Amino acid sequence: ASLLVLLLLSLAAATGAASTSNAVEQRDGMDATEILLEDFSNPLHVWKEMNDPVMGGKSTGTFSIEDDRGVGVFTGEVKDVPFLQAPGFIQVRTTDKVLWPDVTLCRALELELRTNEPYTGYRVSFGTTKAPGGKFYAHGYKATLKDVPNSDDFEKIQIPFKDFTDFWDDATGDPIHTCEENALYCPDLMTLKDLKTMALWGEGVKGKVSLEVKAIRAVGCAGSEN
């Protein structure tokens with residue numbers, strides 16, 4: 001009988017640990033295989049907007065959180081850097097030291113967003129790593145945000161973690177070597193355990209930026225049927 005009790009207690013402890021592992025935030029409408037990374041209706045991080053400082057960059061941008069709508073609003077304009085005669089960048093980045101949840105068992109990053117401008121230079125990055133032989137100003141893993149919905153409705157787009165690379169061009173934001181080419185440039189376990197920082201960019205493409213974001217999640221995590 002005592003052995004049976006011990007087994008039942010062990011099972012209960014394991015179940016309780018699983019329910020809180022990976023700091024999965026359970027909120028209304030959130031799937032158990034998703035990990036909430038940011039929710040602009042109740043921000044978990046401090047976000048700060050920055051513009052291109054290199055060679056007298058002329059790009060401008062702003063970022064604000066509209067509390068009544070629960071939306072982060074990133075607007076501005078990417079302009080040519082006069083000395084380079086090429087587009088610069090604007091970005092909004094987290095600046096706090098709050099630990100991020102462990103996403104090592106997740107498949108992709110998901111952003112719930114929309115845009116009001118037909119801009120094609122949106123990008124997202126996380127982490128602080130630097131690829132061996134990488135560009136001087138290129139830090140962290142970056143990917144292009146493709147098919148951002150230009151509409152009145154918010155939609156969810158996913159970027160598999162395998163689409164990120166830390167070997168990217170610091171002048172354009174484009175990948176030079178991809179994770180698919182060489183696993184050396186894929187997000188490493190240390191970064192996936194704590195992303196440290198995240199940024200949204202308008203980069204390498206001249207034009208007006210208008211991005212609204214509701215939430216950012218890691219999806220396809222352990223236990224997902226996707």
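The chain exposes about 11,800 Å², an area from the Shrake-Rupley method with a 1.4 Å probe, where for residues only the protein chains shown count as cover. The model is predicted: local features need pLDDT of at least 70, side-chain atom pairs count only at pLDDT 80 or more, and totals for chains, interfaces and linings use all residues. Residues are numbered from 1 along each chain as its sequence is written, and side-chain values use heavy atoms, with hydrogens and water left out.

Two helices and 15 strands form the secondary structure of the chain. Of the 226 residues in the chain, 45% are buried. Buried means under 20% relative accessible area, exposed means over 50%, and partly exposed lies in between (1.4 Å probe, protein chains only). Contacts (heavy atoms within 4.5 Å) were also counted by sequence separation. Among those in the chain with a separation of 6 or more, 72% join residues 24 or more positions apart.

The structure holds 12 aromatic pairs. Rings of Phe, Tyr and Trp (its six-membered ring) pair if their centres lie within 6.5 Å; planes under 30 degrees apart count as stacked, over 60 as edge-to-face and the rest as tilted. One of the pairs, Phe136 with Tyr137, is edge-to-face, at 4.9 Å centre to centre and 85 degrees between the planes. Phe136 is exposed, at 61% relative accessible area. Tyr137 is exposed too, at 53%. Phe161 and Phe164 form a tilted pair, because their planes stand at 40 degrees, with ring centres 6.2 Å apart. Phe161 is buried, with a relative accessible area of 6%. Phe164 is likewise buried, at 0%. Ring pairs also link Phe161 and Phe164 with Phe126 and Tyr141 into a cluster.

Lys142 lies over the faces of two Trp rings. A charge sits over a ring if NZ of Lys or CZ of Arg is within 6 Å of the ring centre and within 35 degrees of the ring normal. Lys142 is 3.5 Å from the ring centre of Trp168. For Trp201, the distance from Lys142 to the ring centre is 3.3 Å.

Side chains of opposite charge can pair when their charged atoms come close. The count here comes to 13 salt bridges, each a side-chain nitrogen of Lys or Arg within 4 Å of a carboxyl oxygen of Asp or Glu. Arg217 and Glu34 meet in one of them, at 3.7 Å from N to O. Arg217 lies in strand β15 (residues 207-219) and Glu34 in the loop between α1 (2-20) and β1 (35-39), so this pair ties together parts 183 residues apart in sequence. Arg217 is buried, at 12% relative accessibility. Glu34 is buried as well, at 12%.

Glu112 also forms a salt bridge with Arg217, the closest N and O atoms being 3.4 Å apart. Glu112 lies in strand β8 (residues 108-115) and Arg217 in strand β15, so the bridge ties together parts 105 residues apart in sequence. Both Glu112 and Arg217 are buried. Salt bridges that share partners join Glu34, Glu110, Glu112 and Arg217 into one network.

A further salt bridge pairs Glu66 with Arg69, with the closest N and O atoms 2.5 Å apart. Glu66 is partly exposed, at 28% relative accessibility. Arg69 is also partly exposed, at 33%.

Notes:
Helices (H or I, at least four residues) and strands (E, at least two) are DSSP runs, numbered from the N terminus.
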